[in-house]
Amino acid sequence: MEGSFRFLKRVWNYCAKFDNRGPEMAEGLAKTTRFEIHSVLKQANYDLAKHQFNTVASAAMKILNALERFAGGRNKVTQEGLSILLRLLSPITPHICHQLWLDLGFGEDVMKEPWPEPDPAALEQDEIEYVVQIGGKTRGSLRAPKSAGQPALEGLVRASELVQKYATGKPIRRIIVVPGKLINVVV
């Protein structure tokens, strides 16, 4: 009960401080925040279909954490995220969500609003995080553009500090790339 109360108090306090007239969020941060919110929403919708309600409450907490990370101004992304959060919480806490929905000027009744669906455009990423293995052991990760091909990835790997640190002067015999997932450096 105490944990639920603390979380709902955080939601209430965040909404009380919400002001969408603040400065715009940096484009990179906005894209990252929007990706995080919509990926959590996608998982929450999946969990709801499986009747796993405790993970839906966890998803609401993750969305609030993503919104709270941006302490500067508020913009379209935080407004969208807050709208999603309140609609996600509305079946669990209808009275609080209804009041916050009205106070924030989102509409008349949160329960009459359509259920939030993840935006496929928000789930698109420009970069992919590859797991890097050197000598068969996982040593870290490397971010690369989504459009990078095998030669570009090999160049990034050869130039990375990670490979130079763990290869320790041994020549790189081969670089194996599993697209979108893994780069294995054979020394």
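**A close look**

Tutor: C97 is buried, at 1% relative accessibility. Buried means under 20% relative accessible area, exposed over 50%, and partly exposed in between, with a 1.4 Å probe and protein chains only. The model is predicted, so local features need pLDDT of at least 70 and side-chain atom pairs count only at pLDDT 80 or more, while totals for chains, interfaces and linings use all residues. Residues are numbered from 1 along each chain as its sequence is written, and side-chain values use heavy atoms, with hydrogens and water left out.

Now the sulfur of C97. The closest cysteine sulfur is in C15, 8.3 Å away, which is too far for a bond. A disulfide is a covalent bond between the sulfur atoms of two cysteines. The cut-off used here is a pair of cysteine sulfur atoms within 2.5 Å. By that rule there are zero disulfides. C15 is in none, its nearest cysteine sulfur being that of C97. C15 is buried too, with a relative accessible area of 5%.

Next, N45. This residue belongs to helix α2, residues 27–49. Helices (H or I, at least four residues) and strands (E, at least two) are DSSP runs, numbered from the N terminus. N45 is buried, at 16% relative accessible area. Its side chain makes a polar contact of 2.8 Å with the side chain of W115. A polar contact is a pair of N or O atoms within 3.5 Å; within protein, one must be able to donate a hydrogen and the other to accept it, and residues adjacent in sequence count only if both atoms are side-chain atoms. Leaving out residues up to four places away in sequence, N45 touches W115, P116, E117 and P118, where contact means heavy atoms within 4.5 Å.

Helix α2 comes up again at the largest pocket, where it supplies the largest share of the lining, four residues. A pocket is found on a 1 Å grid over the protein atoms alone: an open set of points where a 1.4 Å probe fits, with protein on both sides within 12 Å along at least five of seven lines, and lining residues have an atom within 4 Å of a point. The space in the largest pocket is about 200 Å³. Its lining residues include F35, E124, D126 and R143. By class, the lining has two nonpolar, three polar and five charged residues.

E124 leads on to K146. K146 sits in the loop between β2 (137–145) and α6 (150–159). K146 is partly exposed, at 43% relative accessible area. Beyond four places in sequence, K146 is in contact with E124, Q125, D126, E127 and I128. Its C-alpha is 41 Å from that of I96, 50 residues apart along the chain.

K181 is in the loop between β3 (174–178) and β4 (182–186). It is exposed, at 57% relative accessibility. Neighbours within four places aside, K181 contacts E129, Y130 and V131. H51 lies in the loop between α2 and α3 (53–69) and is exposed at 59%. Its phi is near 60°, a positive value in a residue other than glycine. K112 is in the loop between α5 (94–103) and β1 (127–134), exposed at 69% relative accessible area.

Note on methods
Grid points are joined across faces, edges and corners, and a volume is the space filled by probe spheres set on the points. Ala, Val, Leu, Ile, Met, Phe, Trp, Tyr, Cys and Pro count as nonpolar, Asp, Glu, Lys and Arg as charged, and the others, Gly among them, as polar.
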